[in-house]
Amino acid sequence: MSIVFLDGDFIHKDEAKISPDDRGFLLADGVYEVTPFYSGVPFGLDRHMARLERGLAWMRIHYSLDGLEDIHNRLIRANDLQDAPTSYVYLQITRGAAPRTHYFPQEDVEPTVYAFARTWQRPSPERWARGFSAVTVPDRRWSRVDIKTICLLPNVLAFQDAIEAGADDAVLVRDGVAIEGAHMNFWGVFNGTVVTHPVTNNILPGITREIVLELAGQAGIALEERPIQVEELREADELFFTGTTGEVRPLTCLNGTVVGDGSVGPLTKTLSDLFHGKVQEIQKAAEESIA
Ligand code: PDD
């Protein structure tokens with residue numbers, strides 16, 4: 001996993017050099033994407049690239065996405081991850097290197113484009129079936145977290161707070177609403193209805209979230225996109241997260257209190273199975289197109 005992509009070249013990570021003037025380094029002036037691959041097959045790449053394109057346009061970073069699909073696939077192959085059950089490509093695009101100013105560089109600057117590939121580990125079925133814990137933490141992020149910027153300090157601090165509290169993860173709370181996790185979207189089940197926060201500027205519009213919503217809709221599961229109040233959490237039958245490296249992740253303990261009856265709930269299990277079914281479908285289609 002040592003071959004990375006930097007500004008047009010596939011090189012050893014040891015050889016990768018980024019200017020100390022890079023605006024990503026100095027100002028967090030950039031965006032990123034994390035796209036999952038299953039046995040070397042990309043999952044939702046188009047959706048990830050569409051989200052990236054929206055972020056770049058909003059940031060006014062001018063970069064053509066034309067070669068990106070190829071870069072993703074080449075990174076997986078160059079790092080021998082074709083057969084890895086679960087891996088991802090991380091891609092970051094910053095405004096580039098220029099003398100530090102609080103406004104955009106006056107001259108045209110080439111964006112810095114950096115990408116790497118690595119594996120990630122799905123929890124064992126036994127670990128997953130026990131469920132995970134979280135604590136609520138204030139959401140200290142800015143007002144445009146729908147843009148996937150590399151400015152993740154509040155997410156890092158929230159996750160660290162959760163770890164120091166002995167929990168597996170954090171639920172970010174803003175104005176009494178359980179918004180999302182530090183790196184995943186957040187969901188609840190109330191009287192048989194699956195609920196998640198609507199897409200606004202206060203959440204990252206997760207690709208996993210979008211796919212799970214589609215799958216739940218197709219399966220005829222009752223759905224509602226609305227804010228979940230913190231006071232409601234006590235009444236939740238089930239809670240779970242969704243995200244690229246978390247997939248559908250059950251939450252069985254929140255702030256030291258068991259969720260529902262303390263076991264992974266039936267709708268969480270159904271949505272996780274549907275999600276894994278979708279992954280397998282895409283893998284099969286890719287195998288058939290090669291054969
Ligand atoms: N995190 N919410 C936040 C704040 C996130 O950072 C992420 C993704 C998600 C889930 O989005 P998706 O389903 O598209 O992965 C929700 C990535 C994986 C990360 O920062 O590593």
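In this predicted model, strand E5 has both of its faces covered. On one side sit Ser 87, Val 89, Leu 91 and Ile 93, and on the other Tyr 88, Tyr 90, Gln 92 and Thr 94, and every one of these residues is buried.

One of the pairings puts Pro 36 together with Tyr 88 of E5. A further partner is E6, made up of residues 112–119, and here too the pairing with E5 is antiparallel, over 8 bridges. In this pairing, Phe 116 of E6 lies opposite Tyr 90.

Turning to the helices, two packed helices are described by the angle between their axes and the distance between the axes. For H2 (residues 45–59) and H3 (residues 68–78), the axes come within 11 Å and cross at roughly 125°. That angle makes H2 oblique to H3, because anything from 65 to 115 degrees would count as roughly perpendicular and anything over 145 as roughly antiparallel. The crossing of H2 past H3 is right-handed. On the H2 side, the contact is made by Leu 45, Met 49 and Leu 52, while H3 brings in Leu 68, Glu 69 and His 72. Sorted by class, the residues in this H2–H3 contact are 4 nonpolar, 1 polar and 1 charged.

Note on methods:
Residues are numbered from 1 along each chain as its sequence is written. This is a predicted model: local features need pLDDT of at least 70, side-chain atom pairs count only at pLDDT 80 or more; totals for chains, interfaces and linings use all residues. Side-chain values use heavy atoms; hydrogens and water are left out. Axes are lines fitted to C-alpha atoms, for helices over the stretch in contact, and angles run from 0 to 180 degrees between N-to-C directions. Helices (H or I, at least four residues) and strands (E, at least two) are DSSP runs, numbered from the N terminus. Angles under 35 degrees count as roughly parallel, over 145 as roughly antiparallel, 65 to 115 as roughly perpendicular and the rest as oblique. A crossing is left-handed if the near helix is turned anticlockwise from the far one by less than a right angle, and right-handed if clockwise. Contact means heavy atoms within 4.5 Å. Ala, Val, Leu, Ile, Met, Phe, Trp, Tyr, Cys and Pro count as nonpolar, Asp, Glu, Lys and Arg as charged, and the others, Gly among them, as polar. Buried means under 20% relative accessible area, exposed over 50%, partly exposed in between (1.4 Å probe, protein chains only). Two strands pair if DSSP finds at least two bridges between them.
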